Amino acid sequence: MFRKRRDSKNRDGLAKQNASLSLSAMTADSPPEEIYVASQWKLMWWKFKKHKLAVFSGVLLIILYIFGAFCEFLSPYDPNEYHTKYAYAPPQVIKFVGENGFSLRPFVYGLKSSVNRETLRREYTVDKSKEYPIRFFVKGEPYKFWGIWETDIHFIGTEEGILFLLGTDRMGRDVLSRVLYGARISLSVGLFGVFVSLVLGIIIGGLSGYFGGIIDLIVQRLIEFLRCIPTIPLWMALSAALPAHWPPLRVYFGVTIILSLIGWTGLARVVRSKFLSLREEEFVLAAKLAGAGRMRIVVRHMVPSFLSHIIASITLAIPNMILGETSLSFLGVGLRPPVISWGVLLKEAQNVRTIALTPWLLIPGIFVVAAVLAFNFLGDGLRDAADPYVR
Amino acid sequence: MGTFILKRVLLLIPTLIFISIVSFIIIQLPPGDYLTTYIQALEATGATVDQSTVDALVKRYGLDQPLYVQYFSWVFGMFKGDFGYSFEWDKPVSELIWNRLFLTLAISITTLLFTWIVSFPFGVYSATHRYSIGDYIITFFGFIGLAIPNFMLALILMWIAYSAFDLSVGGLFSPAYAEASWSLAKLIDFLKHIWIPVVVIGTSGTAALIRTLRANLLDEMNKPYVVTARAKGVSERRLLFKYPLRVAMIPFISTVGWSLPLLISGETIVAVVLNLPTTGPLLLRSLQSQDMYLAGSFIVLLSILTVIGTLISDILLAWLDPRIRS
């Protein structure tokens, strides 16, 4: 993606803009000669790097996606394993200083449970007599990594005793493990949904922008129409139409496609407006005069020059997908158990009483907010960087 | 101006037709219909359903007709105020929806006003005091407001109210007024309850509007005419209110169009969490039980509401900003 591109537009644009460029703060960390020979992608990278919050968000997202990709390895337990003795156990605190003084290896205290005779609820107290050191690469439940390699090594865990860093749910399932598995589904819904929206958006928006006229009019009406239907009721109606007997994987794809049915409109608008403005550019005219075919002009000259804008728009569209999936699953019309997504996890925390007694069930929500915020900041940074010639 | 309004109103007709078709397709999508679900439920309880009862039911609801006949009888029924029959509630749909639709509309409009009132001073402050601590705080809360899902905000507010003030929030009326007819006392009770959904639904919209107002105002304030006016010694206050603010206000009107669908979307999901007697919970139920006439009527009416809202905002916008009319 970062190959150097030196078509006429770039050199032309650079020559035009060099006055403002030399004034811009971009020169602060790189000598001016470099700017003249830098490719467009390099200029964008320089500009993006200056947006500290966006860089930080990018790193955070990479970490979250690593969580999702390696969830089997990173999670201490199988997400569907019941620890019946530890239902609704509160999060354990990682300690370094215990009864025996400081230890470099972190540990957690054990939990002692007793049933309250009045409320009939299981209550937990910290059992300071038991210290479970946290170890890395411990043997635990066997699993198939990515469904291929069979292993039983978990990144963190304890050799004996329990490790519930984010507590457990109603059935005594480890919330941390479930959040990590949920990252895989929730974050990939965003990516896959945006990919479908993008394909639809580029095809429909591109046709509309390139041909104009009656096609454009129809597409614009359609987009306007889709945008003025309230999304949640529409999504609810469509997801409720997914047959209940479908296997989880098919429901997952079904939900994602439903989310993209609205999502493509925004991307189609961006593509169309870019097509409209680029169609009038001199380098397109030059390519036409030089005898380039329609397809070549679009693919070789137009697409590369708005690719960066598209990437920024995609990044800004992903959080809506994630929020959509979370909301639908929370309502019970999106993904359903046994699939684990952040929305499915939040469904556990649906009434006030549960939240008041077991607030850690809201933790998946923190991950949703973090992912959505990070995508927004990253998208902002990319959008600013997409046009490196504007200060 | 007249032709502009006429054009927009004429465009409304195909949109409404399209909405009705899409809604009809949606309610036809689930495999089977309510009747099959109903019969299954009856059989599960051990009751025997003989064929003649089934046939009578099918005939009564017109389920034996071809789809397009069902569609047209549904659409023409709506013109007469007949929205079909709710199988689940055993009542005509029209008896179930109007009250809830009215409350949804009331909450949405209140939320819109809340959004405007809150975002105006904060947006202006944020733009005039750019990069100050206040601006950063507003921006920070703005981003949080955008990122937090509506239903989670509702849950957190409920949690805080429950654990800190021992208040049980939710619903729109105290039990004493729930079934009472409208009176001044009921209205006051309603106002006491409405603020929670309004704040929850309005947060993301407010955050978005603050960002837009800030960006627009900043754009406008860097324009040469403002610089000229400042150089000539016009006071900062006059400088801000005379022109830039007026131009920057345009999104307040134009966002009515796209914020109405957002508000109604948000209202739907928040109502489920807060258990409000509005369209949301009933729509969810009707979709889950395939009560198709009820679900379809809700979707049609909610869409029509937003389309009309968009129309009003377009007309207002054209009236406010002559550049759009052409």
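**Notes on the predicted two-chain model**

1. Starting with chain B: its mean pLDDT is 79, with 87% of its residues at 70 or more. Keep in mind that this is a predicted model. Within chain B, the element with the lowest mean pLDDT is helix α8 (residues 175-178), at 66. At the other end sits helix α10 (residues 224-231) of chain B, which has the highest value, 86.

2. Chain A comes out with a mean pLDDT of 77, and 91% of its residues reach 70 or more. Among its elements, helix α4 (residues 52-69) of chain A scores highest at 87, while helix α1 (residues 8-23) of chain A scores lowest at 42.

3. For the model overall, the scores are ipTM 0.78 and pTM 0.79.

4. On to the chain-chain contact, which takes 31 residues from chain A and 37 residues from chain B. On the chain B side, the elements giving two or more residues are α1 (2-28), α6 (133-147), α7 (150-165), α13 (250-274), α14 (279-288) and α15 (292-320) of chain B. The largest share of that side, eight residues, belongs to α15(B). By type, the chain B side splits into 29 nonpolar and eight polar residues, with no charged ones.

5. Back in chain A, have a look at helix α11 (residues 294-331). A straight helix of 38 residues would span 56 Å at 1.5 Å a residue, but α11(A) spans only 47 Å between its end C-alpha atoms. There is a bend of about 50° in α11(A) at V303(A), and a proline, P304(A), follows within four residues. After α11(A) comes G332(A), with a positive phi near 90°.

6. What is the angle at which α10(A) and α11(A) pack? Helix α10 (residues 282-289) of chain A meets α11(A) at about 145°, and their axes are 11 Å apart. The crossing of α10(A) and α11(A) is right-handed. From α10(A), the contact uses F283(A), V284(A), A287(A) and K288(A); from α11(A), it uses I297(A), H301(A) and M302(A). Those contact residues of α10(A) and α11(A) divide into five nonpolar, one polar and one charged.

Technical notes
Residues numbered from 1 in each chain as written. Chains lettered and ligands numbered in written order. Predicted model: local features only at pLDDT ≥ 70, side-chain atom pairs only at ≥ 80, totals over all residues. pLDDT = per-residue confidence, 0-100. Expected span 1.5 Å × (residues − 1). Bend = angle between axes of the 7 residues up to and from the residue. Axes fitted to C-alpha atoms, helices over the stretch in contact; angles between N-to-C directions. Left-handed = near helix turned anticlockwise from the far one by under 90°. Contact = placed C-beta atoms within 7 Å. Nonpolar A, V, L, I, M, F, W, Y, C, P; charged D, E, K, R; others polar.
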